[in-house]
Amino acid sequence: MTDTHTEIAFLPLGGTGEIGMNLNLYRSRSPAGEHWLAIDCGIGFGGTELPEVDVMMADPSFIAERRDRLTGLVITHAHEDHIGAVAWLWPQLRCPVYASPFAAMVLRRKLSEAQLQNEVRILPLPLGGALSIGPFSLRTFRMAHSTPESLAIAIDTPHGAILHTGDWKLDPDPLVGPPTDEEGLRALGDEGVLAIVCDSTNAMVEGHSGSESDVRRGLRDAIAGLSGRVAVTCFASNVARVESIAMAAEEAGRSVALVGRSLRNLNTAARDCGYLRDVQQFLSEDDALSVPDDNLLMIVTGSQGEPRSALARIAADTHPNIALGEGDTVVFSSRVIPGNERAVNTVQDNLVRRGVHLITDSEATVHVSGHPAREELRRLYQLVRPRYSVPVHGEWRHLAAQADLAAEMQAEPVMLEDGDILSFGSGRPEIVDSAPVGRLVLDGGRLLPLNGGVLSARRRMLYNGVVLASIAVDEDGHLMGRPKLSAPGLFDSQEAEAARVINEFAASMDSLPASLRHDDALLTEAARSALRRALGRKLQKRPLVDVHLLRI
């Protein structure tokens, strides 16, 4: 048990008030000093609001500045929004990582791709049990979810445990792994739970999320009568779903091939951890080419419409090995993550254009959520009986919906957002301070601040275009010849609008004072201003402009 003089505080740097990018911190402060524990380190996606962004993650600068006091990073489960940023952010954290066997296997592959496999110390997280990390006394509880070995973390404090649920649901038959440990959670509630920090994703959904066993039956029924090639797309980390798809395929007399790197990686991790024992080894993409159409089922990555995913390339007919067309079927065994609607719709439109038949969860029971609906949330509150509820993992409408439910269940809700530092003591938890937060964008192999100069310029180019002018001046700074203008996406160099802009720009350059003409830096900046004025009057836009100056 934590010393009675210890204060525990909770600080989300990402994942509260948004979907994805989960990065949570707990602080232990006592006369012996201050220590921090991180829980989860995941990615998010840009979506339609941020078209210049593919993958992003929470900025860890606050805790990176305190990494000498960071005792460890605990991974609750192997989903990308909880584990996907570790390989990118660990160099700033440099702490031990605690993970279950399956999550550790997934993480090692990611670290190997980032050439960090020999640097990161990965320690075992018990699948139900106790451990200490620095001054933090923890207990883990197995939770059913849509990936194996998902864990809730209880942090002991002098005033009762704080239960950090991670992602979870109540599934009586999850197929892979045991159901949620309701008896263990009830026993924790009997001891006294101060607060629950709880998944809010489906807090607006009445009823129950459904069982993976229902999906197994639904997939079997949906696939049984199909002809032609069949492709099923799902989250690669949902091992139970992959197993169900494979079993349905085998019953229908179809061989199963994996299409997409993340599926191949997760298949290896799952089999290394003892999962997928009841299904045959999967075929490769090359093997699939020799299988008759009516005897082939492919499990394909790209359920969220990711532009570079296998399914997106198949839909656009640009995949090097796999093609789908008239008479074939694609089953979407997944839900659309908020923000990805347009990308998924584009993939589905492209498939239908090619004559492909689609099956989604609106036509058949081919998907259930891995997150708790309101009936399951009520059940967890009955088991745990927390004094306070801290909704996380969701957008604001999801957090508010759980707050209302918590109040109904006699738990006082405490609402907060990324950056709020919530202190737990003998009285009501209160926000005592704030920490700077931000987002980093994965751009190729580098991380860039979302609101930094590079991405700001990219957004400006995206909406307003870019204009590059090349001018030659003599030694006195006077124009030599006519400026050259390049404005892709705004106008063609041969059209009349371009000529008018060039004429106005040249006239402005001719009227510049002599004091600017002998300094290249001053003359270049004056030329940029003149070009902005010419463009603004003619185009009613504010594109990103630059001037290449050549003095002869």
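**Salt bridges, and the fold around them**

Tutor: Let's start with E412, which is partly exposed because its relative accessible area is 34% (buried is under 20%, exposed is over 50%, and partly exposed is in between, with a 1.4 Å probe and only protein chains counted). Keep in mind that this is a predicted model, where local features need pLDDT of at least 70 and side-chain atom pairs count only at pLDDT 80 or more, while totals for chains, interfaces and linings use all residues. Numbering runs from 1 along each chain as its sequence is written, and side-chain values use heavy atoms, with hydrogens and water left out.

The partner of E412 is R428: their side chains meet in a salt bridge, 2.2 Å from N to O (the rule is a side-chain nitrogen of Lys or Arg within 4 Å of a carboxyl oxygen of Asp or Glu). This pair links distant parts of the chain, as E412 sits in strand β20 (residues 412-413) and R428 in the loop between β21 (420-424) and β22 (430-434), 16 residues apart.

Next up is R378, bridged to E408 with the closest N and O atoms 2.8 Å apart. R378 belongs to helix α12 (residues 374-384) and E408 to helix α13 (residues 396-408), so this pair ties together parts that are 30 residues apart in sequence. R378 is partly exposed, with a relative accessible area of 21%, and E408 is partly exposed with 41%.

Then there's D443 with R446, a side-chain salt bridge of 3.1 Å, N to O. D443 counts as buried because its relative accessibility is 19%, whereas R446, at 42%, is partly exposed.

Now zoom out. The domain assignment, which comes from an automatic or database source, gives domain 1 (7-207 + 369-449), domain 2 (212-359) and domain 3 (465-551). The centres of domain 1 and domain 3, taken over C-alpha atoms, are 53 Å apart. There are 16 helices and 27 strands in the protein, and the C-alpha trace spans about 85 × 70 × 45 Å along its principal axes.

What about the nonpolar interior? The largest nonpolar core has 73 residues, and F102, L297 and I299 have the most contacts inside it (a core is a set of buried Ala, Val, Leu, Ile, Met, Phe, Trp, Tyr and Cys residues joined through side-chain atoms within 4.5 Å). Helix α7 (residues 239-251) gives the most to this core, with 7 residues. Domain 1 and domain 2 both give residues to this core, so it lies between them. Another core lies apart from it, with 27 residues, including I39, V390, V392 and F424.

For L297, contacts (heavy atoms within 4.5 Å) beyond its neighbours within four places in sequence include I223, V230, I245 and A249. V330, in strand β17 (residues 329-332), is buried because its relative accessible area is 1%. With neighbours within four places left aside, its contacts include A231, L311, L351 and L358. A315, in helix α10 (residues 310-315), counts as buried at 4% relative accessibility. Outside four places in sequence, A315 touches V347, N350, L351 and R354; the C-alpha atoms of A315 and R354 are 7.7 Å apart, though the two are 39 residues apart along the chain.

Over the whole protein, buried residues make up 57% of the 552. Of the contacts with a separation of 6 or more, 71% are between residues 24 or more positions apart.

Finally, the outside. I552, in the segment after β27 (544-551), counts as exposed because its relative accessibility is 61%.

Note on methods: Helices (H or I, at least four residues) and strands (E, at least two) are DSSP runs, numbered from the N terminus.
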